[in-house]
Amino acid sequence: MKTLDYCVKRNGDFEPFDKKIITSAVMKAFEKSGEGNRFLAVNITESVVDTIIRFYPYDSPHVEDIQDIVEDTLIGHNFKLSAKEYIRYSHERNKNREDS
């Protein structure tokens, strides 16, 4: 089975892929929305990783592509409030990066 080794950062650099980052971001969205828990965040993360591997069998995904897949996965699992919180969180982090 293919593994996901790297992702492409916003600046074009390759970075080792760490699914714990996705789980952490999903957990933050769940905490804000009150919709989920750690167990569900891990399940969402595994679903995201499976999707990434399917969509990018030979390439490393960009961070923005991963974020889109997380959003779609949350919505697909009917965590709509969490998807909104995840989008808000991602937007705030992007804004903070730009301001730095």
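A salt bridge joins Glu15 to Lys9, with the closest N and O atoms 3.9 Å apart. The structure described here is a predicted model. Both partners of this pair are partly exposed: the relative accessibility of Glu15 is 28%, and the relative accessible area of Lys9 is 31%. The count of salt bridges in the model comes to 5.

In one, Arg88 is paired with Glu85, and the closest N and O atoms lie 2.8 Å apart. Because Arg88 and Glu85 are 3 residues apart in helix 4, about one helical turn separates them. Arg88 is partly exposed, with a relative accessible area of 44%, whereas Glu85, at 18%, falls under the 20% limit and is therefore buried. In the other, Lys95 is bridged to Asp99, the closest N and O atoms being 3.5 Å apart. These two residues, Lys95 and Asp99, are 4 residues apart in helix 4 and so are likewise separated by about one helical turn. Lys95 is partly exposed, with a relative accessible area of 45%; Asp99 has a relative accessibility of 57%, which is over 50%, and so counts as exposed.

The largest pocket was then examined. Its volume is about 540 Å³. The lining of this pocket comprises 21 residues, of which Arg10, Ile21, Val63, Gln67 and Arg93 are the closest to the pocket centre. Two or more lining residues are contributed by each of strand 2 (14-16), helix 1 (19-33), helix 3 and helix 4 (80-99). Classified by type, the lining holds 10 nonpolar, 7 charged and 4 polar residues.

Gln67, one of the residues closest to the centre of the largest pocket, is located in helix 3 (residues 63-76). With a relative accessible area of 15%, below the 20% limit, Gln67 is classed as buried. When neighbours within four places in sequence are left aside, the contacts of Gln67 are with Arg10, Tyr86, Ser90 and Asn94. Arg10 also belongs to the group closest to the pocket centre.

Ser90, one of the contacts of Gln67, is part of helix 4. The relative accessible area of Ser90 is 7%, and this residue is accordingly buried. Ser90 is 26 residues from Glu64 in sequence, while the C-alpha atoms of Ser90 and Glu64 are 9.6 Å apart in space.

Notes: Residues numbered from 1 in each chain as written. Predicted model: local features only at pLDDT ≥ 70, side-chain atom pairs only at ≥ 80, totals over all residues. Heavy atoms only, no water. Buried < 20%, exposed > 50% of the residue type's maximum accessible area, 1.4 Å probe, protein only. Contact = heavy atoms within 4.5 Å. 1 Å grid on protein atoms, 1.4 Å probe; cavity = no way out; pocket = protein on both sides within 12 Å on 5 of 7 lines; lining within 4 Å. Points joined across faces, edges and corners; volume = space filled by probe spheres on them. Nonpolar A, V, L, I, M, F, W, Y, C, P; charged D, E, K, R; others polar. Salt bridge = Lys/Arg side-chain N within 4 Å of Asp/Glu carboxyl O.
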